[in-house]
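Thanks for coming, everyone. Let me put the structure up and walk you through a few places in it.

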Amino acid sequence: MVANTARSLNDETSFLPGSAVAGGIDWDWRLKKRYALQGYWTGSTIHGSAQSIDELAQTTVHSFQRPDADHLDYDPAARSMNGYGAAIGLAKIGGSKVRFNSNVAVKSPGLDLNDLGFMQRADVRSQSNWIQFRRDTPTKRLRNFRWNLNQWGSWNYGGDRLDLGGNVNAHWTFTNNWRTGTGVTALARPFDDRATRGGPGAYGNGRLIWWQYVEGDDRKAVSAGYFFNVGGSREGSHFIGAQPFVNYRPASFVSVNGGFRFSRNVDDAQWIENTADGHYVFGHLDQTTIALTLRANYTITPQLTIQIYGEPFVSAGDYSGFKELVNGRAPRYADRYAPFDYTLNPDFNFRSFRTTNVLRWEYRPGSTLFVVWQQGREDVLESGRFRFARDFGGIFGAPSRNVFLVKVSRWLNW
């Protein structure tokens, strides 16, 4: 499969590249029905003015300007950027008891595919391994069972270890159609080469994470469940999250789903900004996020349906303990930062409400009318402390933006 994209812009004044071309090929070779050799190769080349290429090179996808990246050749006068990516993996995709896959992949520092899709970063080499043990033979109480082992790691082209972790998890489905699962993830100390958004990188901290879920029998008129996770590090950062939900289906043609999301995240070294005089400012962040979700589906007739979705959302973050990065590669956490007299207020309180309502009418076979109403409300305060009544009560007083859409399709049978 080959993809190509190109743009024609003023080469000397545009802030965007003048032209971009990307292509690639992927493969999935099946071996005796149970095994597969999978992978891809891709490449990209982007040409434009020196200003536009320099702006692209300094985004967090590439970060060529990093002062501690000896393996990157940063040239502000460059008028092109080239890169490649590739991956190969062997997988066992069939079998009643064991399945697995092993993969390796690379993305060179100059690879950029964001004209074709979404690519978070280049400059990475990665590997992963997964094996699953399964049992699908029902017993008196158990319908099936899955046990997974995972291992992964990634490095940049300079050899810095960006990620290294492992996970073990298990999942049960019972004869009454209830499901549950749990898992533990262990992460070694990583190196974050994007920690200062273009400045020097810094070591993070190892973490231990535990999660667990329960889901009820969704064949019933009422079912419920939850997802819970918790984790942290020895250096003062931790998080906890919970997502309970209820499904209500009184009849086959109507269903209502309601849920609640809560998370509390405490990060002792959250990046804030890079000052003009060369300081990389971090702080202790205490953030609370809460969201309520509601989905409803009503099938009036097979040709006429209504779908409703709404979510009020609040996220508040309170900063304290301001510090600056002094040696991101120091082995001890206490040696990486020094106190910093930061006088600005980075606290935030973001409140929003989103709703989408869709009427779908198939007025003749293959021909459909859609009527859509979307509303968005949002507001930002400087208070970092979360207050449920104040924050959720103020959402519907925030300025709103309404969008109405009508779409008609007609099937033409020649």
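**A short tour**

We start in a loop. Lys32 sits between β1, residues 19–31, and β2, residues 35–47. Keep in mind that this is a predicted model. Is Lys32 buried or exposed? Lys32 is exposed, because its relative accessible area is 80%. Now look at the backbone. Phi of Lys32 is positive, near 55°, and this residue is not a glycine.

Move along to Lys33. Lys33 is also in the loop between β1 and β2. Phi of Lys33 is near 70°, again a positive value in a residue other than glycine. Lys33 counts as exposed, at 78% relative accessibility.

Next, a hairpin. Strand β3 covers residues 80–92, and strand β4 covers residues 98–107. How do the two strands pair? They pair in the antiparallel sense, over 8 bridges. For a landmark, find Lys92: it stands opposite Phe100 in β4. Between the strands of this hairpin there are 5 residues. Look at Gly95 in the hairpin, where phi is positive, near 120°.

Stay with β4. This strand is also joined to β5, residues 124–135. How many bridges join them? There are 10, and β4 and β5 run antiparallel. Here the landmark is Val98, which stands opposite Phe133 in β5. One general point while we are on strands. In a regular strand, side chains alternate between the two faces of the sheet.

Now for charges. How many salt bridges does the structure hold? The count is 20. Take Arg264 and Asp286. Their closest N and O atoms are 2.7 Å apart, and the two form a salt bridge. Arg264 lies in strand β14, residues 254–274, and Asp286 lies in strand β15, residues 280–301, so the pair ties together parts that are 22 residues apart in sequence. What about burial? Buried means under 20% relative accessible area. Asp286 has 18% relative accessibility, so Asp286 counts as buried. Arg264 has 32%, and counts as partly exposed.

A second pair is Asp335 with Arg332. This is a salt bridge too, with the closest N and O atoms 3.0 Å apart. Asp335 is partly exposed, at a relative accessible area of 39%.

Arg360 is partly exposed, with a relative accessible area of 25%. Glu362 also counts as partly exposed, at 22% relative accessibility.

Last stop: Thr368. Which strand holds Thr368? Thr368 is found in β19, residues 367–381. Why does Thr368 count as buried? Because its relative accessibility is 8%, and buried means under 20%. So what does Thr368 touch? Leave out residues up to four places away in sequence, and its contacts are Arg360, Trp361, Glu362, Tyr363, Lys407, Val408 and Ser409.

Notes. Residues numbered from 1 in each chain as written. Heavy atoms only, no water. Helix = DSSP H or I, 4+ residues; strand = E, 2+ residues; numbered from the N terminus. Buried < 20%, exposed > 50% of the residue type's maximum accessible area, 1.4 Å probe, protein only. Contact = heavy atoms within 4.5 Å. Pairing = 2+ DSSP bridges. Salt bridge = Lys/Arg side-chain N within 4 Å of Asp/Glu carboxyl O.
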